[in-house]
Amino acid sequence: MKALDEVDFRLLPGEVHALLGENGAGKSTLIKALTGVHATDAGEIRLAGVPVSFHGPAQAQDAGISTVYQEVNLCTNLSVAENILLGREPRRFGAIDGRAMRARAAELLSRIGLHIDPGSALGSHPIAVQQLVAIARAVAVDARVLILDEPTSSLDAGEVAELFRIVRVLRDEGVAILFVSHFLDQVYEIADRLTVLRNGKVVGEYATAKVGRLELVRAMIGRDLTVLDEVERRSERRVPSEEPLLRAENLGRAGSIAPFDLELHPGEVVGVAGLLGSGRTELARLLFGADRADSGHVYFDGKILKLRGPRSAIAHGIAFTSEDRKAEGLVADLTVRDNLILAMQAARGWARQVPRRTADELVAKYVEALDIRPADADAVVGTLSGGNQQKVLLARWLVTRPKLLILDEPTRGIDVGAKAQIQKVVADLAAEGMAVVFISAELEEVVRVSDRVVVLRDRRKIAEVSGTEVTVDDVVALIAGEAEKVPS
Amino acid sequence: MTAPPLVAPPREKTRVPLTSRVPSRFLPVIATFVVFVLTFGAGSIRYEGFATGQVVANLFIDNAFLIVVAVGMTFVILTGGIDLSVGSVVALSTMIAAATLRAGWPAWLVILAVLATGALLGLGMGVMVHRFGVQPFIATLAGMFLARGLCFVISVESVSIKDGTFRDIALASIELPGEVAITYGVVIALIVVAVAAYVLHLTRFGRTVYAVGGSESSATLMGLRTGRVKVGVYVISGFCSALGGLLFSFYMLSGYSLHAVGLELDAIAAVVVGGTLLAGGVGYVVGSVVGVLVLGTVQTLISFEGTLSSWWTKIVIGVLLLAFIALQRLIVRRQPVK
Amino acid sequence: MTRSRLLWPLLALVALLLLNLVFTPSFFALRIQDGHLFGSLVDILRNGAPTLLIALGMTLVIATRGIDLSVGAVAAIAGAVTCTHIATTGDAIGGMALALGLCAVLGLWNGFLVSVIGIQPIIATLVLMTAGRGMAMLVTEGQIVTVNNDVFAKVGAGFLVLPIAILISLAVLAGVALLTRRTALGMLIEAVGVNPEASRLAGVRSRTIIWTVYVFSALCAGVAGLMIASNVNAADANNAGLWIEMDAILAVVIGGTSLAGGRYSLTGTLIGALVIQTLTTTVYTIGVPPETTLVFKAAVVIVVCLLQAPRLTRTFRVPVPQKAGA
Amino acid sequence: GGSGGSAGNSSDDTITMGFAQVGAESGWRTANTKSIQESAKSAGIELKFSDAQQKQENQLKAIRSYIQQKVDVIAFSPVVETGWDTVLLEAQRAKIPVILTDRAIDSDDTSLYKTFLGSDFIDEGKKAGKWLVENSDGPVNVVELQGTTGAAPAIDRKEGFEAETKSNPDIKIVASQTGDFTRSGGKQVMEAFLKSQPDIDVVYAHNDDMGLGAIEAIKAAGKKPGTDIKIITVDAVKDGMTALANGEINFIVECNPLLGPQLMDLAKKVVAGEEVPERVVTEETTFTQEQAKAALPDRKY
Ligand SMILES: Nc1ncnc2c1ncn2[C@@H]1O[C@H](COP(=O)(O)OP(=O)(O)OP(=O)(O)O)[C@@H](O)[C@H]1O
Ligand SMILES: Nc1ncnc2c1ncn2[C@@H]1O[C@H](COP(=O)(O)OP(=O)(O)OP(=O)(O)O)[C@@H](O)[C@H]1O
Ligand SMILES: [Mg+2]
Ligand SMILES: [Mg+2]
């Protein structure tokens, strides 16, 4: 199999160069080939005109190429400070100087606007914080080349702005920056030039200023995008059926989220908005029973529901996709088919195997519906591109036809076309009567798909807004409004 | 446009609900230590003459070699590997020492030869694991067969060590205050522990060991020299086993091919009891030392009990081990079981 | 991929058999004697049956990221209980049933420690490895219990053309293969082994699954223990199944199953077990002196591993399986 | 002066003995343990017993703890010959007499222990060899089932046997392999021998259990043990004696595990300060098939 086919590609000092393409186009593979993770079987790489060949990322780093790979590739068992400075720890008398290290890490973190304890374990932070830490690690060195593979996939607007500020500073210092993103807005904001990949081939190289969105999207997907604008703001606000599907009363968990009330109606999409660390994921995990609540009750279909763990939630028709697909989502070594039917199979019990034919039909259906590539049921999921993995994860829950679907960052790392597709799927599911909880760092998306938006701040539900007139700015105002009063 | 603050202001509470200031990663070690102290206390109440300084000192004297071996094992396990060869390498070391001393080699040369052999065997296994991608379990099982086999090739019978230097080191004791005496073996073992702790926590090599254990692929993508570390830990373990073997030969003053049979399980048990995760990335050498002391205490309790039949001895060892682990888990229980 | 990985162990097996042929020209000779097959190959099968059986149980345990060190002790207990029962009552069937029932309980115990208490499998089963042998000795009072029972003798040494022991093991192999591949058990076991947290969130009953594999492993060990005891018509609590856990794990790993859990191969385990037993028999037949036996074994294991492991991992550079939710 | 003189054991008249057993690795060893425990009770000696699980280091620990507990006499069956000097020196300093049982130690300093009570493994091998030399005519092909590689009885029984049979050029050891002192080991090795060795006249097994395993293998091959192939073993445990009486074994050299009574006698003398011989050989005999039939009814183990 050929992942990359004779790609020619130039990266100039002092420019931000965006690499674009659909999920599975070969962006990450190109980056891995450039940095010596994958061996190349043809072609050469020149760094500042000198031919180089890297046997492993360590050599690429030594040559001044600093990379943030797509999935967060850090060690969750180590502290934040260590993850930032591993391999270049400050030393005193030959020994690692822990205090200096934490101080340096804190400084680097504050550079990207993250104020967390550098001594805390990385694993205790959500995936978005981990992603920021990875970025902090990459910008900590004086690199000649900085490569960022989807660094913004789970960040919200504020963090993205902060990241771009740093990127601009580095660019002005003459660093060559390669940037991968599925957010066209971001690309237009930051990139000087772009290269588009499709199926492992370069489609074209453009100056950002000279190429329009539609042209760009056409280059990426090879045809005109039709679905993109289909999912418009849902025009009429759905009248929730008087009986809520799920009603949470005073539900909370000490140290994770303050008790809150929430009603979810069939056929309704409820968005959850909030800052990084505001407790969105926690709210979702409580509703699903992944974490145990220590206060409050959940009523489901009018009856009180004892959530003893994911199984009991699933049994009642509640589904949850985790934001951390690598650690909590996919079973990397198993095939697409196995991953796709995992939840369904688990619900049926081990004795009643999902028949092979049914499984293959389901795979075929969702490969088609979500455009999963490669369209091979026997592909090992770990080898799929990030976006395609995310689609498999989503499909896993769609096949169980839940009554309530909780999506935590379902569009993380998903390309423009597929993102619209997923939003459409969500809209369709709701239209069919499913209740959906939709969490995303991208506020536009939340506002666009939701009938109602729950706003969280500081691990507390502070507001609930609904109606067609709700705008992103309203939500931002809610999130930010009182936050400014909190002394920091 | 004024960007809202990036993240919510820091909160006191974190996801791991721990009221104390003790970082949760120390909990298993502390728990093991607490359980160790409790058991020791129980022993002192039950048996006369148990709570003497010398009994504690004996724990170290009798287990000095195991401490050293467990330290090496800790390195390997921290990277997510395992080293089954340690027992055999200990035996091989005693055998080489005894045989070369009998052949008239000077003591220093013998010591060098033994340590070099251990490190070399470790290197071989490390290369198998890293370069050829052989699973650590098999690579070191082969090493185990090889080392034990070499023992038999050298001599089937046991060989006494009569060398003056070795005897002097073996028989010398260091008086501590309170009428407690320890051997040089204990001193060496404690030095090894200190050096190991230094290496693991204060050098890049050591931190990379943890990183590799946490996630090898991530460590590689972070640009760390994972290969060097993966081979390195087996060299260290081989070296520690050889050093442990030397301590064992001081302790026994003999070389024998059936010495230290099953020691690898003791070492692994000590490391794991000490709170290190077999999956790698989590654990401390100090934990392994406490683990060794725990196993030693079990043995001491049994010899103080003094009337157990052979089978009850085995059962009691199992039960005590279980009690330890269960208590330890009870203390650490608040951590999520993943 | 698994198929090509099995190529090398298979070749090793063939090479070992051919080596025997060089030393003993009649090695492959089979003759019918008293209505059953007789020959070195048959011996290999019969003597390898207990290891194979235990390795089958071990394969599933390893697939869930576990390990079961207690199998040798459980085998000893099964033999001890059965022989003691036979010695006192003469009832072989009852004795075997009793023993297997007890083994199931021991498996439940291991599963309890691992899945409910959350103890690391190696330590959880180490407890039973130590105490279990003591229990076996307690049953026999440290003596070798010799029995004389035709029914019991069949399990380990009987023939139905082929040795009954190997027929049992192959039947279990077929049964497990069917059970795990025709139901979803295999896939769920692998899912739990690769990513326990993701499986939990997908609603997999990981606890039940882990519990099941330990019980299965203990039952396999129990039957193997019956075979070992029956083969010599005696229960030797001290030596029955001593270090067999190592052989079993080795068989599993030679068969290409990773100790890190996940994908497993029962066929691989079969080949692995045969390689190990052939190796042992080879040592006896070609007259390797006992002093160099281990060096010889080490050499074979190293060669098999080096042949098996490198090429695939180098050429495809399959990304190292990500460790999730450690 | 030291602390806790009163920590010593009990009143002056009862003797406390610390006994450090190797383990319980065989039926022979269990019989040995039982004999010691029973005779201690009947001799009125308080016995502290520990099982070392076949590990020398555990035995050392046990002996150290006996020294700590200030027992009156220490006895032990060494796992291995070497490596006892240090701990025995400690015992000597603590003025606790030491008795070796079962197996000697390799030390230049014989003052470290009072006496050694036990069998002579080399002699056992010699007895077996002698019987073979006396009872064979014409060429004899012997296969040897060795004990655990490196174990002292295995080494010595091999050595003794070879020394005795060397004199007769007709006796050839055609194959020798370890069966680990176990029945299954003996059976497996014998199965392989039966296929790789065309002519086997005699099996020499280092213990009864391996011999019993070999019998199973010989039977399975369609031959008659004791007649088609002669069998010589060492130990004389009950199962072995039964097989001998049934004609499936031809000759057994006894290795007596019942050291208890002799040990207690020696212990009393040693504690009383009496002189004891440096070496006490246990009374051991050999059994032919006829002798076995006669002896079997009142065999204790
Ligand atoms: N180790 C591998 N084995 C087999 N196929 C692989 C492997 N790694 C990547 N691929 C395939 O190569 C193709 C390119 O994947 P890549 O990860 O580069 O995509 P991408 O452009 O980064 O997509 P995304 O936007 O989803 O991250 C995909 O079809 C993927 O399935
Ligand atoms: N500013 C911060 N200070 C301390 N911890 C933080 C901060 N921000 C995030 N965290 C971490 O975030 C965790 C809670 O985040 P949670 O998953 O609830 O956030 P979220 O709103 O879902 O964010 P995300 O968008 O990243 O999923 C806490 O356990 C904490 O470790
Ligand atoms: Mg990608
Ligand atoms: Mg979140």
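A polar side-chain atom of A:Gln70 sits 2.8 Å from an oxygen atom of ligand 1. Welcome to a predicted model, in which local features need pLDDT of at least 70, side-chain atom pairs count only at pLDDT 80 or more, and totals for chains, interfaces and linings use all residues. Residues are numbered from 1 along each chain as its sequence is written, chains are lettered from A and ligands numbered from 1 in the order in which they are written, and side-chain values use heavy atoms, with hydrogens and water left out.

**Ligand 1**

| Side chain | Distance to an oxygen atom of ligand 1 |
|---|---|
| A:Asn23 | 2.9 Å |
| A:Gln70 | 2.8 Å |
| A:Glu150 | 3.2 Å |

On its own, ligand 1 has 640 Å² of accessible area, and the protein covers 83% of it (Shrake-Rupley method, 1.4 Å probe). Helices H1 (27-34) and H14 (386-398) of chain A are the elements that give two or more residues to its shell, and H1(A) gives the most, with three residues. Helices here are DSSP runs of H or I with at least four residues, strands are E runs of at least two, and both are numbered from the N terminus. Ligand 1 lies between chains A and C. Of the 20 residues around it, those that come nearest are A:Gly24, A:Ser28, A:Thr29, A:Ser385 and A:Gly387; a residue counts as near if one of its heavy atoms lies within 4 Å.

**A:Ser440**

A:Ser440 sits in the loop between strand S18 (435-439) and helix H16 (443-449) of chain A. This serine counts as buried because its relative accessibility is 2%. Its side chain reaches the backbone nitrogen of A:Glu442 at 3.0 Å, and the side chain of A:Ser440 also has a 2.6 Å polar contact with the side chain of A:Glu445.

Methods: A polar contact is a pair of N or O atoms within 3.5 Å; within protein, one must be able to donate a hydrogen and the other to accept it, and residues adjacent in sequence count only if both atoms are side-chain atoms. Buried means under 20% relative accessible area, exposed over 50%, partly exposed in between (1.4 Å probe, protein chains only).
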